[in-house]
Amino acid sequence: MDHRPDDARKPVPWTEWDTPRERWLMTEQDAYSWPRSMLLEVLARVLFPTVLVFSVYLLLAGHHNAGGGFSGGLVAALAFVLRYVAGGSAELAMMVRVRPPVVIGTGLAISVLTALAPVLFGEPVLASAMWKLHLPVLGELKITSNLALDLGVYLLIIGVVVDLLRTVGAGTEVGGPGVDDEELEEERG
Amino acid sequence: MAHFALAAVLPLVARRYGRAAFVVGALAPAATLVYTLARVGEAVGDAPPLETVAWAPAIGLEFTARFDELALLLILLVSGIGAVVLCYYARYAKVDDHRTTARDSALLVTFAGAMLGLVLADDVISLYLFWELTTVCSFLLVGGDGVAKRLRTSATQALLVTTLGGLAMLLGLILLGTAAGTMRISEILADPPSGGVVTAALLLILLGALTKSAQVPFHPWLPSAMVAPTPVSAYLHAAAMVKAGVYLVARFSPAFADHPAWWIPVVGCGLWTMLLGGFRALRQYDLKTLLAYGTISQLGFLMVMLGSGTWMSALAAGTLILAHGLFKSALFLTVGIIDKRAGTRDIRELSGLGRQWRVLTTLATLAAMSMAGLPPLLGFVGKEVALEALFGGGTIDVLVGIGVAVGSVLTVVYSLRFVRGAFGTKPDTAPAAPVACGRIMTGLVAVPSLAGLALAFVPGVIEPIEAGYADLYGSDPGYHLALWHGITPALLISAGIVVTGVLVHRYAGVQRLGGHVPEPLRAQTWYGRSVDGLEFLARGVTGRIQVGSLPVYLGVILTTLVVVPGAGLLAGGVEFGELRLFDNWLQVPITLLVLVAAATSLLARRRLTAVLLAGVVGYGIGAWFVVDGGADLALAQFLVETLTLVVFVFVIRRFPPRFAEDKAYVHGRWVKAAIAGVAGTFVAVLAVLYSGYTEGMPEASRQYIERAEDETGATNVVNAIIVDFRAFDTIGEITVLAVAATGAASLILARSRKRGRTDDRPDTADTGGAADGSATETPEVRS
């Protein structure tokens, strides 16, 4: 739309183009079930992308330094845990768009397919290949097929933890779907 | 294995184009047929082509395909009839039911691929894999959408019975493979082992074959499986899958036909099955069930011929396998047309169809004649050879031959019953309303039916294949397949069989008596009882073992941990290595921290405090790893510890904040303390012992470090081990993780679903599939 000439002649909506499309923080109307800490919520949101980027770094760096799919996945998962701890299940529902079992399945599928792929080239199962690339700025880059296996582990771990948050976390939350409040009161005495 | 790839795509095709998916699916078996026909020459020879794909060479797993005469025969059958049935299903399926179309087309093509793999496989492991794949396909195809209880019961019965046999067969195959020292079937057969183990192995393998081919006393699953759509029955339960058991027997017979543990059960069960199947078929009113009992009877016949183990009987078996596949699929497809167009397949309600559908009647009659063994059809050719083989042999063979002759009389009777019941005009039943029977479907019935007719006139086309297989049993006595051998004893017996059969059919009183088996003697009754018994046993055992108390579980686990390796430790000489106080001064404060945290957690009165202190212990161990230079280990330890803490906190929200102080709790405390203390000490001792025992680095570790850079391109050895050297372990672990997570999630969510239903809130209970969870629901505001 924007590239059409008559659109281009329209005045740029100076005051509106950067209006947030969704609420940045939950408001009072949003359902939540425990006392909120504004500081924690804001901090969690600020840190979230950074932690995710760091987890991807761990995933890629695993080949030469400490890290790998397992650690990377756990770090990414902890980012979700942070968001959940800060905002509860409503916060989790806002940011998780993909169903966690799908993520688990995708991770498992990637790993298993990586393991089976060498058969197509006449190699035994789980054989690995290595490619070296020369990139103009970054220098030499080594990619092995095992990275895909690691990626599968990474996704699977994230999926498992988010699923855990969904069930063990939200499922045992006061007012959550798996919880009978009266029963809970009785249990606590 | 293009079949599996195609099967994966078919649901998408079906969603868009509906029934056309079956035609697309039919391309796979049709292509196989053409390709196989092009390579017939290679199979019929002394050295059949052999292809091997290494699967996991380190442990000797590989997939070997061997394309010999027997495989060729079954491939022709499976792919030829597969193509016909898939095309037929394209007309048979409901136009708008895309879900069923997608499922069944994909499953049928997968099944065809599995059957191909089964008959081609030359090593016992892949044989077993494909074997079970056919079982699973059958289960899913019979079960359909799984809504009707009858579908589920039948599918489960088929699955239970055939899987029982399949597992027994796996055990037998492995025993046999171990005894022979090779997993290659061709090598086992070339040099058959002997001994007591082999006898057991053969009996186990036979159990698999007999259950799969619905032999007495495992037969009841086949008639129950007739609830499946007719094309599925035609393909799986007449032409292809039930032939798997016959194939297995045919495969192993050349080497073991003389072994008493092999031929006595095969011939005995086969004969019994043939008679019982024919007998029960006399009483059936449902055309499909009638055919199912006919199939059982015919499979018994095939078993008998294979068990006899002579050149002639093998030739007969080969011919009959082909003939049976052709006529039985034609008959099933006919029943499908009748069921679909006339609206019923009960012979008490059908009348006058023969006058309406002359072409279909002729085709079905041809097929039924082939079944009854009438000239000039392939069934007759096969039966001639069979009678010739049995009556030309010794005393046992002649006795078996008499049994087969009686079975054949029954076959003639139920063939007549089928044709008259389906197409005859009955005076006391109103003739069916005129409907078209469908040209395409009739045309597809014509393919196998006319093939049976044509092949009878030119048996030379198929003879080399069957003779090639029969050569495994000995030398060629100079017999050739033909319609006319002159006036031979076999011909006279054949004529006698047909005349007796017609007489029996005319004499209706015998029919009324026929087919009745008293309730306590029926195999179905016994199946029901054994399943009930198993369930009772399982409930009892589970109730005793799974008491539902976490402390008891933990106690049992820890006691086992101490007792089992501890006993081994005490039995062997134990030496402590040289102990050092510390390697690095940083270890001292960390150790103190861990010790203090552990001791304090014992004194904690609040659950949260105890959990946090346990967390401190975990972090302390992570710190140890850092000090010792295990960066990867430390990272994982810290992350896991954090996650564990979080999960703990989630869970203890549900618990009372303090530990209980009542009598019942305090009572068992000392026992618990003792178990925990002993287990802790044991682990500590073990750790010290282990670190004292390792002299330098083990060989494996040194190899890992040496090879990591060159073979995986990784300088991080830990990572190289995880994703390369021990990648198989990794895959296994993540699979376990996925299963555990899904299981835990289901258990927790199941609780909420159940409650939603009792609260009469179907909207929250039934929204969405498995992934529906709290995340998408708005938590209720606490009152």
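Helix 6 (residues 124-143) of chain B packs against helix 11 (residues 230-239) of chain B at an angle of about 155 degrees, and their axes are 11 Å apart. Axes are lines fitted to C-alpha atoms, for helices over the stretch in contact, and angles run from 0 to 180 degrees between N-to-C directions. Helix 6 of chain B and helix 11 of chain B are therefore roughly antiparallel to each other (over 145 degrees). On the side of helix 6 of chain B, the contact (heavy atoms within 4.5 Å) is made by B:Ser138, B:Leu141 and B:Val142, and on the side of helix 11 of chain B by B:Val232, B:Leu236 and B:His237.

## Basis of the model

This is a predicted model, in which local features need pLDDT of at least 70 and side-chain atom pairs count only at pLDDT 80 or more, while totals for chains, interfaces and linings use all residues. Residues are numbered from 1 along each chain as its sequence is written, chains are lettered from A and ligands numbered from 1 in the order in which they are written, and side-chain values use heavy atoms, leaving out hydrogens and water.

## Helices 4 and 21

Helix 4 (residues 69-92) of chain B and helix 21 (residues 463-470) of chain B pack at about 140 degrees, with axes 8 Å apart. B:Glu69, B:Leu70, B:Leu72, B:Leu73 and B:Leu76 in helix 4 of chain B meet B:Ile465, B:Glu466, B:Gly468 and B:Tyr469 in helix 21 of chain B.

## Chain B as a whole

Chain B has 34 helices and 2 strands (DSSP runs numbered from the N terminus: H or I of at least four residues for helices, E of at least two for strands). Of its 783 residues, 48% count as buried (under 20% relative accessible area, with a 1.4 Å probe and protein chains only).

Technical notes:
Buried means under 20% relative accessible area, exposed over 50%, partly exposed in between (1.4 Å probe, protein chains only). Angles under 35 degrees count as roughly parallel, over 145 as roughly antiparallel, 65 to 115 as roughly perpendicular and the rest as oblique.
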